[in-house]
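Please read the following note beside the sequence and the model.

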Amino acid sequence: INLSKLSIAPRGSVTFTIAGRIKDTVLGTFTHTSTLIDNANISYVQTARLNPQSATIVKSKVISKLNGVAFTNGMTYKPGDTVEYLITINNTGGGFYNNLTITDNLDSVTSLLNTGSAGSSLENITITTAKTDGRTYLRTPPASGARVINTSSDLSPGGNITFTIDGNIKATSMGTVAANTVSVAGNNVSTSVINPKAALIS
């Protein structure tokens, strides 16, 4: 609406009704501002604001497979076994979560090695990312060969992001493989540890 002149009778009024649909990609507060300039060149400004519904983040990180078999607590590894971790992040709320931070350092997954010192347990790592809603925006997905997830997302209402991490437990690993921890919006969630199979001496 852009009127250069409007005459209103004494005790009269004029109403403008503006109807529309808010885009389903809007993140923050929706505002609409109207300005009226009277004959004395005095401006009257009114702004209507509509806040978005809240986002609710539900997250998990689990060991999904060990050596190709669905993982259950208490399973043990032998050096060189494959391992798969799964990070799942859901927004069950009615609004976007703006700039949701996601970090995971896979080098922090350590165990005792055959050198007698602790070191990184995982090698041959690949990270696969998927999202269920095209409105969800994921900044800087992990690059090929990355050992660190360090990204952020505008996670849509009802949206979901998963990170599938595949790798091998090093053939030189001897001790308990430490828990893997992911931080989502500054809140940590960790997997269980993986203990080694017992040695049999004959």
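1. Strands here are DSSP runs of E with at least two residues, numbered from the N terminus, and two strands pair if DSSP finds at least two bridges between them. As background, strands of a sheet pair through backbone hydrogen bonds, either parallel or antiparallel.

2. On conventions, residues are numbered from 1 along each chain as its sequence is written, and side-chain values use heavy atoms, with hydrogens and water left out. Because the model is predicted, local features need pLDDT of at least 70 and side-chain atom pairs count only at pLDDT 80 or more, whereas totals for chains, interfaces and linings use all residues.

3. Within that sheet, strand β3 (residues 57-66) is joined to β4 by 2 bridges, and the two run antiparallel; K65 has A70 in β4 as its bridge partner. S64 is also placed in strand β3, and with a relative accessibility of 18% this serine counts as buried, a word used for values under 20% relative accessible area, while exposed means over 50% and partly exposed lies in between (1.4 Å probe, protein chains only). Residues up to four places away in sequence aside, S64 touches V69, A70, F71, E84, Y85 and L86, where contact means heavy atoms within 4.5 Å.

4. Strand β7 (residues 97-105) and strand β14 (residues 181-184) run antiparallel and are joined by 2 bridges, and T103 stands opposite S183 in β14.

5. How many salt bridges does the count come to? The count is 5, where a salt bridge is a side-chain nitrogen of Lys or Arg within 4 Å of a carboxyl oxygen of Asp or Glu. In one of them D104 pairs with K61, the closest N and O atoms being 2.3 Å apart. Since D104 lies in strand β7 and K61 in strand β3, this pair ties together parts that are 43 residues apart in sequence. D104 is buried at 2% relative accessibility, and K61 is buried too, at 3%.

6. A further salt bridge links D107 with R147, with 2.6 Å between the closest N and O atoms. D107 lies in the loop between β7 and β8 (110-112) and R147 in the loop between β11 and β12 (148-155), so the pair ties together parts 40 residues apart in sequence. Both partners count as partly exposed, D107 at 34% and R147 at 25%.

7. Finally, D133 sits in the loop between β10 (122-131) and β11 (137-139) and is buried, with a relative accessible area of 16%. Neighbours within four places in sequence aside, D133 is in contact with S156, P157 and G159. The side chain of D133 makes a polar contact of 3.0 Å with the side chain of S156, and a polar atom of the D133 side chain lies 2.8 Å from the backbone nitrogen of R135. A polar contact is a pair of N or O atoms within 3.5 Å; within protein, one must be able to donate a hydrogen and the other to accept it, and residues adjacent in sequence count only if both atoms are side-chain atoms.

Conventions. Helix = DSSP H or I, 4+ residues; strand = E, 2+ residues; numbered from the N terminus.
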